[in-house]
Amino acid sequence: MTWTIRSLLLGVFLLSGCKHTGGGSVTPTPTQPQACDAQQAQISREADERASPWSVEQHLAKNFPGKKVSWLMTDAAYQNFVVKPNAQNFGRCNDSVCYLFAAPSETIQAAVEKSMVNGAHDPAVIGQALGLPAKNFEGPLRMMTLDLAATGVCVRLPVDSDPGVWKCTSEEDTDCFKFGGYTSGGVPELMVIDAPVSHAVVTEIP
């Protein structure tokens with residue numbers, strides 16, 4: 001996928017409490033295309049039409065039941081792309097929005113837990129679990145987790161024109177983008193727009 005290249009920027013894939021006013025809790029904003037601006041909402045509608053009868057709503061319900069996503073970055077990438085520039089959002093950014101590919105938190109966390117040996121992660125195990133090269137996970141990592149329902153961010157199915165997509169050049173290509181909401185390794189993925197740094201739980205992975 002794509003994810004191989006995407007993850008180089010993102011490394012490779014907050015728990016935010018409910019706000020309270022007047023003693024009552026505010027229901028979190030649903031994670032639906034309506035959370036997107038006009039441009040992203042249009043892209044989401046076109047993606048759903050292309051994927052029909054599949055849709056981002058069905059994708060969320062089947063593959064992201066906890067409405068939480070996670071992704072991994074090498075510590076070096078985290079420092080260079082998040083800490084040093086004091087980034088407000090994760091992902092590849094242009095003048096208007098930032099694009100982030102993310103997977104179900106359960107999938108990423110399970111891969112990390114399975115990889116731990118003697119207090120450190122095994123890059124090969126994570127790579128095998130996610131269908132990505134082990135070299136993407138060498139050295140200390142950071143795992144980010146974002147609660148989609150609590151933050152109300154825009155999510156949709158990834159499309160070929162998204163920044164970071166590694167396009168297939170032949171029918172034999174396997175490690176490239178395949179439309180439909182899954183990486184080339186079969187891991188469910190979402191495009192998250194403007195994933196806020198301030199709302200992500202960041203975990204260090206030795």
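Helices α5 and α6 are roughly antiparallel to each other. The model is predicted.

Visitor: At what angle do helix α5 and helix α6 pack?
Guide: Two packed helices are described by the angle between their axes and the distance between the axes. Here α5 covers residues 105-115 and α6 covers residues 123-130. Their axes lie 8 Å apart. The packing angle is about 150 degrees.

Visitor: Are α5 and α6 roughly parallel or roughly antiparallel?
Guide: Angles over 145 degrees count as roughly antiparallel. The angle for this pair is about 150 degrees. The two helices are therefore roughly antiparallel.

Visitor: Is the crossing of α5 and α6 left-handed or right-handed?
Guide: Handedness describes how one helix is turned against the other. For α5 and α6, the crossing is right-handed.

Visitor: Which residues of α6 make the contact with α5?
Guide: Look at both sides. From α5 come Thr 107, Ile 108, Ala 111, Val 112, Lys 114 and Ser 115. From α6 come Val 125, Ile 126, Ala 129 and Leu 130.

Visitor: Is Asp 162 buried or exposed?
Guide: Asp 162 sits in the loop between β10 (154-156) and β11 (190-193). Its relative accessible area is 5%. The cut-off for buried is under 20%. So Asp 162 is buried.

Visitor: With which side chain does the side chain of Asp 162 make a polar contact?
Guide: Not counting residues up to four places away in sequence, Asp 162 touches Tyr 99, Phe 101, Arg 156 and Met 191. The polar contact is at 2.7 Å. The partner is the side chain of Arg 156.

Visitor: What separates the C-alpha atoms of Leu 100 and Pro 158?
Guide: Leu 100 belongs to strand β6, residues 98-104. It counts as buried, at 0% relative accessibility. Leu 100 and Pro 158 are 58 residues apart along the chain. Their C-alpha atoms are separated by 9.5 Å.

Visitor: Which side chain makes a polar contact with the side chain of Asn 63?
Guide: Asn 63 is in helix α3, residues 56-63, and counts as buried at 13% relative accessibility. Leaving aside neighbours within four places in sequence, Asn 63 is in contact with Trp 54, Pro 104, Tyr 182 and Pro 188. The polar contact, at 2.9 Å, is with the side chain of Tyr 182.

Conventions. Residues numbered from 1 in each chain as written. Predicted model: local features only at pLDDT ≥ 70, side-chain atom pairs only at ≥ 80, totals over all residues. Heavy atoms only, no water. Axes fitted to C-alpha atoms, helices over the stretch in contact; angles between N-to-C directions. Helix = DSSP H or I, 4+ residues; strand = E, 2+ residues; numbered from the N terminus. Parallel < 35°, antiparallel > 145°, perpendicular 65-115°, else oblique. Contact = heavy atoms within 4.5 Å. Buried < 20%, exposed > 50% of the residue type's maximum accessible area, 1.4 Å probe, protein only. Polar contact = N/O pair within 3.5 Å; in protein donor to acceptor, adjacent residues only side chain to side chain.
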